[in-house]
Amino acid sequence: AYICQKENNVGIYMPIYFSGGTDNDHRRIANAIENFWSRPIWKYNVVMRVQIMSRPSMNSNFVRLFPGMNGSWVYNRKPHRGWYGEWALIPYNSDGRDYAHEAGHMMGVSHNPSSSLMDIYATDLAPRVRDLKAALESS
């Protein structure tokens with residue numbers, strides 16, 4: 001992800017190439033990521049944009065979508081720029097927060113021990129300031 005901060009305004013741009021699924025699936029997943037990360041987080045106004053890429057690139061993340069509901073994972077592709085994910089087409093949570101959680105990993109955010117979008121079970125609906133700060137530090 002590419003992250004830009006100016007005072008309390010934070011813009012996040014995440015290019016993703018999806019392999020598998022339909023164009024509607026890709027847009028549904030991108031919308032879920034944008035909806036969960038675009039919000040006020042403590043004193044920061046965050047706007048997240050996902051760019052669905054038409055072909056893979058060294059500068060984009062790569063997500064392989066697979067049928068069913070068997071969980072989702074993200075792997076670091078370093079030294080390349082992007083991340084690699086394997087995501088189920090059917091999320092555990094019908095609101096799609098699973099995808100926003102995995103996108104957090106693509107921004108370099110680890111699991112957090114307390115309730116947040118980034119705890120291991122994505123029990124909360126919102127990223128917390130510690131999640132945003134981790135993304136800012138890793139960018």
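1. Two strands count as paired if DSSP finds at least two bridges between them. Strands themselves (E, at least two residues), like helices (H or I, at least four), are DSSP runs numbered from the N terminus. With these terms in hand, Phe 18 stands opposite Val 63 in S5. Strand S5 covers residues 61-66 and runs parallel to S2, to which 4 bridges join it.

2. The model under review is predicted, so local features need pLDDT of at least 70 and side-chain atom pairs count only at pLDDT 80 or more, while totals for chains, interfaces and linings use all residues. Residues are numbered from 1 along each chain as its sequence is written, and side-chain values use heavy atoms, with hydrogens and water left out.

3. Confidence is expressed as pLDDT, the predictor's confidence in each residue, from 0 to 100. The protein chain averages 91, and 96% of the residues score at least 70. Confidence is highest in strand S4 (residues 44-53), at a mean of 98, and lowest in strand S6 (residues 72-76), at 87.

4. Strand S1 (residues 2-6) and S2 (residues 9-19) pair in the antiparallel sense over 5 bridges, with Ile 3 having Ile 12 of S2 as its bridge partner. S2 and S4 pair in the parallel sense over 9 bridges; there, Ile 16 has Ile 52 of S4 as its bridge partner.

5. Two residues deserve attention for their backbone angles. Most residues other than glycine have a negative phi. Glu 7, however, takes a positive phi near 55° in the hairpin of S1 and S2, which has 2 residues between the strands. Trp 42 also has a positive phi near 55° and is found in the loop between strand S3 (40-41) and S4.

6. Accessibility is classed by relative accessible area: buried is under 20%, exposed over 50%, and partly exposed in between (1.4 Å probe, protein chains only). Glu 7 counts as exposed, at 66%, and Trp 42 is exposed too, at 59%.

7. The structure holds 7 aromatic pairs. Rings of Phe, Tyr and Trp (its six-membered ring) pair if their centres lie within 6.5 Å; planes under 30 degrees apart count as stacked, over 60 as edge-to-face and the rest as tilted. Phe 66 and Trp 73 form a stacked pair, 6.1 Å centre to centre with 25° between the planes. Phe 66 is buried, at 9% relative accessible area, whereas Trp 73 is partly exposed, at 39%.

8. One aromatic cluster is formed by Tyr 17, Phe 62, Tyr 75 and Tyr 84.
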